[in-house]
Amino acid sequence: TSEPTNIGLPDPIAASANGLYYCGVTNRSDSLHDRIFLYCFDAIGDTTYTRFVIGDTIMIVRKCLQTLNNDLLFTGLHESPKEQFCLRTDTMGNILGWFAYPGFDGSGIAEDTSGNIYLSGQWIYPNQRGSLIKCNAVGAVEWFQLQPLGPATTGIYRTVIALADGNALALGTCTQYLNPFPDQNYAHAACYSGAGDLLWQDTARATSGSALVAELNDGYQKSDGNIVTAGSFTSTETGGHGFVRVYSPNGSVVWDREFTYYDTIASTGTHRIWDVESTNDGGMVLTGEAWHF
């Protein structure tokens with residue numbers, strides 16, 4: 001058996017108010033990613049404890065958060081059958097609830113102030129579209145929505161933010177197929193009301209071509225109500241870039257800035273921002289990857 005490794009998107013870590021960090025980790029056995037473990041770390045990164053949580057044929061954790069009542073929520077992909085899961089445990093890894101949504105693949109999770117849960121990801125069949133599911137605290141579905149950019153579209157909602165006004169902002173990427181013309185890739189933000197109505201959407205970046213990236217991967221809401229989002233894009237002219245775009249609650253762009261890393265004379269590889277977190281001084285920390293070719 002190999003060492004436990006996280007499979008899928010980064011950021012399956014929940015920061016606790018008491019200075020601990022919780023992480024859902026997928027363990028690989030032979031060729032299967034078949035068991036979930038809970039890891040707890042202290043403030044300096046030492047492992048406090050680990051717990052086996054659950055196992056099956058495929059169990060991939062992609063996001064973890066700590067709820068208002070201090071439970072832990074995990075989401076990701078379970079199969080078979082192929083389905084998005086929402087797993088609730090206490091901080092010792094004891095299972096308190098298991099909810100599954102067939103036909104969806106899970107990426108992000110958020111909780112609102114009433115304890116409702118938002119699950120972002122991808123609707124798998126018949127075409128892969130970004131998906132957002134709202135359910136109550138025990139997993140009963142209230143509604144779900146798909147990316148609203150036309151039938152010839154594939155995409156994913158990588159993360160979701162529960163906003164202070166009761167709305168939810170889904171962030172991700174989508175591709176429109178325009179054969180015989182090049183594909184169009186978009187970094188996509190879509191804001192939904194608590195009742196599931198689409199309030200506004202934005203394509204923060206657009207690129208043309210199947211090998212190029214345009215995506216929003218993470219974000220958070222500031223105390224002033226504005227929403228920080230972060231993502232990446234590549235172009236044939238200027239190479240790879242990360243970017244930050246800040247929205248007002250009604251979807252207006254407050255500011256937008258691009259970042260890249262030049263290790264020689266040009267940045268031609270993919271530069272991806274996967275995670276953004278706020279800092280105590282009102283700034284932010286961005287993490288990701290930078291490639292040079």
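pLDDT is the predictor's confidence in each residue, on a scale from 0 to 100. That score comes first here, since this is a predicted model. Over residues 1–10, pLDDT stays under 50. The model still has 30 contacts for this stretch, counted beyond four places in sequence. Where pLDDT is low, the predicted coordinates should not be read in detail. The chain as a whole has a mean pLDDT of 87. Of its residues, 89% reach 70 or more. Confidence is lowest in strand 1 (residues 13–15), where the mean is 79. It is highest in strand 10 (residues 117–123), with a mean of 97.

Strand 19 and strand 20 run antiparallel and are joined by six bridges.

Next, follow the charges. A search of the whole structure finds eleven salt bridges. One of them joins the side chains of Arg158 and Glu215, at 2.7 Å from N to O. Arg158 lies in strand 13 (residues 153–162), and Glu215 lies in strand 17 (residues 214–221). The pair therefore ties together parts that are 57 residues apart in sequence. Are these two residues buried or exposed? Arg158 has a relative accessible area of 15%, so this residue is buried. Glu215 is at 1% relative accessibility and also counts as buried.

Arg245 and Asp202 form another salt bridge, with their closest N and O atoms 2.7 Å apart. This pair, too, links distant parts of the chain. Arg245 sits in strand 19 (residues 239–247) and Asp202 in strand 16 (residues 198–208), 43 residues apart. Arg245 is buried, at a relative accessible area of 13%. Asp202 is buried as well, at 18%.

A hairpin comes next. Strand 11 (residues 129–135) and strand 12 (residues 141–146) run antiparallel, and five bridges join them. Five residues lie between the two strands of this hairpin. In the turn, Gly139 has a positive phi of about 90 degrees.

Ring pairs link Trp143 with Tyr118, Tyr157 and Tyr192 into a cluster. In the whole structure, a search finds nine aromatic pairs. One of these is Phe104 with Phe144. Their ring centres are 5.5 Å apart and their planes stand at 75 degrees, so the pair is edge-to-face. The cut-off behind that label is over 60 degrees. Phe104 is in strand 9 (residues 104–111) and Phe144 is in strand 12, so to speak of sequence, 40 residues apart. Phe104 counts as buried, at 9% relative accessibility. Phe144, in contrast, is partly exposed, with a relative accessible area of 44%.

Finally, look at a loop. Leu178 lies between strand 14 (168–176) and strand 15 (184–192). At 36% relative accessibility, Leu178 counts as partly exposed. What does Leu178 touch, leaving out residues up to four places away in sequence? The answer is Asp183 and Gln184. Leu178 and Thr153 are 25 residues apart in sequence. In space, their C-alpha atoms are 9.5 Å apart.

Key
Residues are numbered from 1 along each chain as its sequence is written. This is a predicted model: local features need pLDDT of at least 70, side-chain atom pairs count only at pLDDT 80 or more; totals for chains, interfaces and linings use all residues. Side-chain values use heavy atoms; hydrogens and water are left out. Two strands pair if DSSP finds at least two bridges between them. Helices (H or I, at least four residues) and strands (E, at least two) are DSSP runs, numbered from the N terminus. A salt bridge is a side-chain nitrogen of Lys or Arg within 4 Å of a carboxyl oxygen of Asp or Glu. Buried means under 20% relative accessible area, exposed over 50%, partly exposed in between (1.4 Å probe, protein chains only). Contact means heavy atoms within 4.5 Å. Rings of Phe, Tyr and Trp (its six-membered ring) pair if their centres lie within 6.5 Å; planes under 30 degrees apart count as stacked, over 60 as edge-to-face and the rest as tilted.
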